[in-house]
Amino acid sequence: MSQLPACPKCESPYAYEDGAMLVCPECGHEWSANEPVEVGKVYRDANGNELQDGDTVTVIKDLKVKGSSLVVKVGTKVKNIRLTDEGDHDIDCKIDGIGPMKLKTEFVKKA
Ligand SMILES: [Zn+2]
């Protein structure tokens with residue numbers, strides 16, 4: 001059993017668990033036992049593996065490059081990806097022979 005934290009409001013050590021909440025019997029304060037830690041969005045590839053900035057990924061389907069006749073072929077390796085929160089594409093990258101481009105995490109897998 002891990003020791004429950006003291007009440008953040010009155011520092012009473014008698015807080016008890018009530019479901020997902022902690023309750024202080026002394027001041028009545030309620031708070032969440034596992035306050036979600038502020039972390040960035042988790043990016044996952046087509047296989048559900050977590051992706052990180054700087055990863056190398058492989059494209060898993062032919063992707064047309066918007067506004068051009070270029071196609072990023074299946075199996076293209078993309079080095080040094082940058083994860084981004086902008087728009088519906090979440091990977092910023094540069095592809096040899098094509099240049100800067102945006103990809104979706106669902107169309108890549110970690111190499
Ligand atoms: Zn309290």
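## Basis of the description

UniProt positions are given in the numbering used here, with feature names shortened, and its annotations may be inferred rather than shown by experiment. In an unreviewed entry, UniProt lists residues 44-111 as "domain: Protein YjdM C-terminal".

The model is predicted, so that local features need pLDDT of at least 70 and side-chain atom pairs count only at pLDDT 80 or more, while totals for chains, interfaces and linings use all residues. Residues are numbered from 1 along each chain as its sequence is written, and side-chain values use heavy atoms, with hydrogens and water left out.

## Division of the chain

The chain is divided into domain 1 (1-37) and domain 2 (56-110), with bounds that come from an automatic or database domain assignment. The C-alpha centres of domain 1 and domain 2 lie 46 Å apart.

Helices (H or I, at least four residues) and strands (E, at least two) are DSSP runs, numbered from the N terminus. Over residues 44-111, the stretch listed by UniProt, the chain is 0% helix and 40% strand, and the end C-alpha atoms are 13 Å apart.

## Strand pairing

Two strands pair if DSSP finds at least two bridges between them. An open sheet is formed by 3 strands in the order S9-S6-S13, with antiparallel pairing, and its edge strands, S9 (77-78) and S13 (108-110), each pair on one side only. The antiparallel pairing of S6 and S9 runs over 2 bridges, and Val 78 in S9 is the bridge partner of Val 57.

S11 and S12 also pair in the antiparallel sense, over 5 bridges, and Ile 91 stands opposite Leu 103 in S12. The hairpin of S11 and S12 has 3 residues between the strands, and in this hairpin Gly 97 takes a positive phi near 85°.

## Nonpolar cores

A nonpolar core is a set of buried Ala, Val, Leu, Ile, Met, Phe, Trp, Tyr and Cys residues joined through side-chain atoms within 4.5 Å; buried means under 20% relative accessible area, exposed over 50%, and partly exposed in between (1.4 Å probe, protein chains only). The largest such core has 16 residues, of which Leu 51, Val 78, Ile 81, Ile 91, Cys 93 and Leu 103 touch the most other members. The elements that give two or more residues to this core are S6 (57-59), S11 and S12 (99-103), and the largest share, 3 residues, comes from S11.

A second, separate core of 5 residues includes Cys 7, Ala 15, Leu 22 and Cys 24. Cys 7 counts as buried because its relative accessibility is 1%, and Cys 24 likewise counts as buried at 1%. The structure holds 0 disulfides, a disulfide being a pair of cysteine sulfur atoms within 2.5 Å.

## Individual residues in loops

Thr 84 has its place in the loop between S10 (82-83) and S11 (91-95), and it is buried, with a relative accessible area of 4%. Not counting residues up to four places away in sequence, Thr 84 touches Tyr 43, His 89, Asp 90, Ile 91 and Asp 92, where contact means heavy atoms within 4.5 Å.

Asn 80, in the loop between S9 and S10, has a positive phi of about 55° although it is not a glycine, and Asn 80 is exposed, with a relative accessible area of 57%. Glu 11, in the segment before S1 (16-18), has a positive phi near 65°, again in a residue other than glycine, and Glu 11 counts as exposed at 63% relative accessibility.
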